[in-house]
Amino acid sequence: MRFPILPLALVALLLTACAAPQKRQEAQASPAAEPFASTYQRIAAAPVLLAGATILVGNGERLEDADVLLVDGKVAAVGHGLALPEGGQRVDARGKWVTPGLIDVHSHLGVYASPGMRAHSDGNEMVDPVTAGVWAEHGVWPQDPGFAAALAGGITTLQILPGSANLIGGRGVTLRNVPATTTQAMKFPGAPYGLKMACGENPKRVYGEKGGPSTRMGNVAGYRKAFIAAAEYARKMAEAKDEKDRPQRDLTLETLAGVLAGDIRVHIHCYRADEMANMLDLAREFEFRIAAFHHGVEAYKIADKLAGDGVCAALWADWWGFKMEAFDGIQENLAIVDRAPGSCAIVHSDSEEGIQRLNQEAAKAIAAGRRAGIAIPPERAIRWLTGNAAKALGVEDRTGTLEAGKMADVVLWSGNPFSVYAHAEQVWIDGALLYDRNDAARQPASDFRLGTEGQP
Amino acid sequence: MNRVSTLALAALLALPLGAGAQDVLIRNATVHTAGARGTLAGADVLVRKGRIAAVGEHLDAGGATVVEAAGRPLTPALFGGISEIGLEEVSAEESTVDAALTPGAEPAMAARPEFDVTLAYNPASILVPVARVEGIGFTLLGAASHGGGSILGGQGGIVRLDGSLDALGPRTLFVSLGSATAPLSGSSRAGQWLLLDQFAEEAAGRIGADSPQALLTPAGRRVLKGYLDGGGRILVRVERAADIRRVLRWAARGKLRIAIAGGAEAWQVAPELAAAGVPVFVDALANLPADFDRLGATLANAARLHAAGVAVSFNLGGDESHSARKIRQLAGNAVANGLPWEAGLAGLTRIPAETFGVAGELGTIEVGKRADLVLWEGDPLDVAYTATQLWLDGRAIPMRSRQTELRDRYLRATPRPEAGELPRAYPPRR
C-alpha cells in the first residue's frame, strides 16, 4: 500500500500512535486480540415483571398465563406466580404474548443504508472476487433509519453482512439493535465473527468480464485457491519460532485462517441444492464447518442432508423467480427444512422492509406448511426467529431463548405474533425498555430523521 | 404424477378457462361483497353461466354444484397489483422480459405512447398459476420506464388470469416522474414537465410531425391525444409531495383522468387528492426514506388517505410479478396501521376494477358480474391464512402451480436406491 508524504510532525504523531498497539501484538502468538473492540454498554434499568402472558421460550416450549422476570439485564426467571422485586415495574401482559427478541442473521442495514444514495453503497467491495479482509462493521452507518424501524418490529440482535457480489465478501458483524453513534457501541460483546461467502450467479455475473470467475466452476476454483493460500499462511504463522520469522500480517489470509481454525463462522449465500452440496464438500476438503446457508431457495431438496450435517438454513418465506437460481423457490421451503429431525431453520430478511416483520414472514411459512399438511405450532415456529438464529450466530448461550441467565432480550406482542395484525408493543434489550409503541419517549429516531420527516 | 395427467395439467393451465362456465351455489359463506351490501354473514352466492345470479340467504341451487362454505370468507377474486405477470418469467434473464420498451437507438427522450405491453402478455406464463393459487384473478399489466426508455412508458391494461390472450377493457397510459426517472429527462425532474408539455403540443398538432424537434410518431400522437382528451386513465408513478401537487395541477388543467402509484408522500396532499377524485395505489409497507423523494414515507399513509376521502389501493415496492401474492400482506398491514378492514378489501378488489374501467365485470360480488370468487380458510387480509379455492367465470380453478408440483415432489420421502426406489425425477409409484 502506498503512503502519502506527510509533514514531519504528523509522521511523528502517527508513529507514536502506532507504538502502543505494536507492543500488545508482541505479547501474543497471533495478531491483536480485539481490534475495533465492542464498547457496547447495556442501559441500567429497574427490574421488570411481565405477568400473565403466553410465553414462547424460543426452544419449542410454551407457557400459558406465565411470567418473565428481568433483573440487571438478564432473564432472572420464567414461570408462574413470580414475585416482583422491590423497585421493579410490573407489566400486565394478560392476553398478550411474549417472545425472545427477534434475531435477523442476514441484514445489510447500515452498509446499504436508507436513503439509498450512491454514497451509502458500502455493502460490496466489488474490486476483487476475494475480499475476505474487509469487515462489514467498517461500512455500517449507525444512523440508518432502518435500525429503529427494525427495533419496532422486535429485532434485538442482527448480523450485518457484506453483499453477495464476491466469492468471499468479508467479515460480517453481529450487533445489538441499540441506537448509537458508533458501530463499536452496537457491537455484540464477545460474539464470534462471521464470514460471508457467495456461490452461484452473482460473483460470475460481476466478474465475468473482469478476469473471472465467469462460470460456476471458476467460482469453486476461486474458493479453493483462497483456502489453499490461507492454509499455507496459517501453517507459516504457527511454525514461526518468533515474530521476525512470521509472514507479514495479511488481512485476507488472516480471516480465512480464522475460518480454518474454527474461530470465524461461515455464512454462505447459496440458492441451488447442487451448489450447496458443492459448498459442503468444499468445507469438508478444508476441514471447516458451515454455520448456515443463506437464501437456500432449494434447501427443501436437501433438507435431510442439511439437518444431518448440522448446517442451519436461513430462508425467505416466499421470494422466488428473480434469477434462474431462484426459479424453484416454493413457499413450503421453511416447513420442509424444519420438518427434518435435527434441523436448524431460520427466517431471515435480507431486506430493510422484511426485517421489520419477520413475524409475518414466519406466519406465511406456517400457513403454507399447514396447507401442505405440516402443522407447525407457534412455539416451534418462533425458533426460526430466535433460538435457531442465535445458534447460527454462535450466541445461543447468551440470547435467543427466554431462559434464566440469558440476556433479557424480550418482545411483548399485542397477541399471537404470527398474524399481520400483531404489533410489537414493547421491546427490551438487556433488560432496558428501548421501544414502546404507545410511548413516543421510547421511540428512537436516527439523526437522519431530524428535520426530514413530514410526520410526528 | 404420471405423464398423462402432466399433459392434462399443462392443457388446463394453457386454455382459456372461460369455455364452459359453470353453475355453482356457494352456500353459507361470510360474503365480503366489497360493494354496497358490505359483508353478509351466512349468505349464499348463486352463479349461473359464469355470472353472479343472486346473493342472499337460503338460495335454491336448482341443479348447480353446491359448495359448502361453512361460514368461511368469500371475496371477489383479488387484484394482483400493477405487475408484469405474463410479461416476464425470470427477472434477471432479459430474453424472458417484455415489460419495458427500451429503444436505445432512438433519439434521446423520444417516447412511444403507442407501445402496448399487453401485446406481449403470455396467458400460459408460469407466473399465472402461482398468482391464482393465492386468490388473484386479475392484474393491471404495467408499461415500465427503464433506463434507455422514456418517462412515458406506454400503455398497459387489465388481464384476467383465466387464460384469455387479450386484455379486458380499456388501456391505461403509464407515466413515471420524480428522481427515479430524472435520468430519462436530462437529469432534472423539471425536464419531465418540459417533455410532458412538448408531448401535449405535438398531440395537439402545434408542433409539426416532420419537425426536427418532434419526439412522437404519428401513431404516438394519436394515442396520446386520446388520453389527453380525458378518454383514458393515466397512471402516474410519483412519490414526492411537491411532485404530486404538480401532477394534480397538470391533471386539473387538462381535465385528465389520472391515478397515482407509489405516492409515498401522498398523505401530505390527501385533501387535494380527495377533492380531485384521484385514486392512489400505495406501497403500504414503505416507511423508510428510501430516497429523498420518500422522506415522508409512513405506514399510516393508506389510513390517512382513506380518512381524507381518497380511494386507496396497493402497489408493491418491487418484483411485482413473482411476488404479486404479497399484495394481500400490503392490505393487511395497511389495516393493522389504521385503514378500515372493508377499505383494505376494497383496495384489493373494487377500487382497481373501478379505476381501470372493468367495474362492470369485476371487483365486487354483485348480481350481473363475472363469478370471479375466492373462498378463504380465514381472514383474507391476514397472511396467517391461505386461499382455499378460486373460481373464474364460476369455474373452479385447479389450485396447482409449478410451485405446488415441486412441493409435492419433495414432500415425498427421500428415495432409497438400496430398496430399488427410483429417483424423484420419476413419477411416484401408485
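This briefing covers how two chains meet and what packs inside them. The model is predicted: local features need pLDDT of at least 70, side-chain atom pairs count only at pLDDT 80 or more, and totals for chains, interfaces and linings use all residues. Residues are numbered from 1 along each chain as its sequence is written, chains are lettered from A in the order in which they are written, and side-chain values use heavy atoms, without hydrogens and water.

**The contact between the chains**

- Chain A brings 49 residues to the contact and chain B brings 51 residues; contact means heavy atoms within 4.5 Å.
- The two chains bury about 4300 Å² between them, 53% of it on carbon and sulfur atoms. Buried area is the accessible area (1.4 Å probe) lost on putting two parts together, summed over both.

**Salt bridges**

- Five salt bridges are counted between chain A and chain B. Each needs a side-chain nitrogen of Lys or Arg within 4 Å of a carboxyl oxygen of Asp or Glu.
- R371(A) and E134(B) meet in a salt bridge through their side chains, at 3.4 Å, N to O.

**Nonpolar cores**

- The largest nonpolar core has 98 residues. Such a core is a set of buried (under 20% relative accessible area, 1.4 Å probe, protein chains only) Ala, Val, Leu, Ile, Met, Phe, Trp, Tyr and Cys residues joined through side-chain atoms within 4.5 Å.
- F199(B), L273(B) and F314(B) have the most contacts inside this core.
- Leaving aside neighbours within four places in sequence, L273(B) touches residues including I244(B), L248(B) and V310(B).
- Another core lies apart, with 96 residues, among them A180(A) and F418(A).

Terms used: Buried means under 20% relative accessible area, exposed over 50%, partly exposed in between (1.4 Å probe, protein chains only).
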